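Open the model in your viewer and get ready to select residues. We will stop at charged pairs, then at rings.

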Amino acid sequence: MTESPLDGTDFSILVESLRESSRVKYISRKSGRYPVHVRGWKCATFADLYDEFAAAFQFPSYFGYNKDALLDCLQDFFDEDLQYQAATSGLNLIIWHADKVLRDGIGLQGRVDLGDFIDILYSTISEISSPEGIRSGFEPVSRSVTVYLQFDDDDAASDLARWTSVGLRYPKSDR
């Protein structure tokens with residue numbers, strides 16, 4: 001697990017239907033943020049997650065389909081993607097059906113996999129949020145990433161508890 005996780009302001013939890021939460025894309029574009037959608041139901045295992053992230057972020061053909069390559073390609077995306085660079089205030093990563101992400105790992109392995117994924121997200125967010133982390137031309141650029149985890153099933157509380165039990169920190173709101 002991450003030794004000192006971020007304060008959580010980079011994660012938002014949506015407990016509503018896909019239709020109701022589709023406003024995130026509209027709000028993203030209107031506020032100068034770049035939205036990327038990941039389909040959680042296509043991320044049951046790490047192999048599936050690699051495929052889905054490669055498609056969503058349009059990773060290069062040499063993507064290595066492992067945890068280190070995922071982290072590297074995410075960081076490269078923020079440094080090199082021209083559409084993202086045109087977004088003036090950062091990126092919104094929207095993970096639809098987050099309750100399905102890495103669900104096929106049984107017991108301890110499932111917890112380890114989800115914990116590793118959260119660590120990758122925290123590492124990426126930390127890297128691109130630092131002023132020296134991402135460069136556009138020769139000027140240091142610091143941009144924010146907000147990760148939206150969308151849950152819309154009857155077990156949203158237990159699904160969210162699965163994420164928090166392995167290291168997710170997020171701001172509590174009065175929803």
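Select Lys-67 and Asp-116. They form a salt bridge, with the closest N and O atoms 2.6 Å apart. (A salt bridge is a side-chain nitrogen of Lys or Arg within 4 Å of a carboxyl oxygen of Asp or Glu.) Lys-67 lies in helix α4 and Asp-116 in helix α6 (residues 107–129), so the pair ties together parts 49 residues apart in sequence. Helices (H or I, at least four residues) and strands (E, at least two) are DSSP runs, numbered from the N terminus.

This is a predicted model: local features need pLDDT of at least 70, side-chain atom pairs count only at pLDDT 80 or more, and totals for chains, interfaces and linings use all residues. Residues are numbered from 1 along each chain as its sequence is written, and side-chain values use heavy atoms, leaving out hydrogens and water.

Next, select Glu-52 and Arg-39. Their side chains meet in a salt bridge (2.8 Å, N to O). Glu-52 is buried at 5% relative accessibility, whereas Arg-39 is partly exposed at 33%. (Buried means under 20% relative accessible area, exposed over 50%, partly exposed in between, with a 1.4 Å probe and protein chains only.)

Now the rings. Select Phe-53 and Phe-57. Both lie in helix α3, 4 residues apart, about one turn of the helix. Phe-53 is buried at 1% relative accessibility. Phe-57 is buried too, at 4%.

Finish with Tyr-50 and Phe-63. Both are buried. Select the aromatic cluster around them: its members include Phe-46, Phe-59 and Trp-163.

Technical notes: Phe/Tyr/Trp six-rings, centres within 6.5 Å; stacked < 30°, edge-to-face > 60°.
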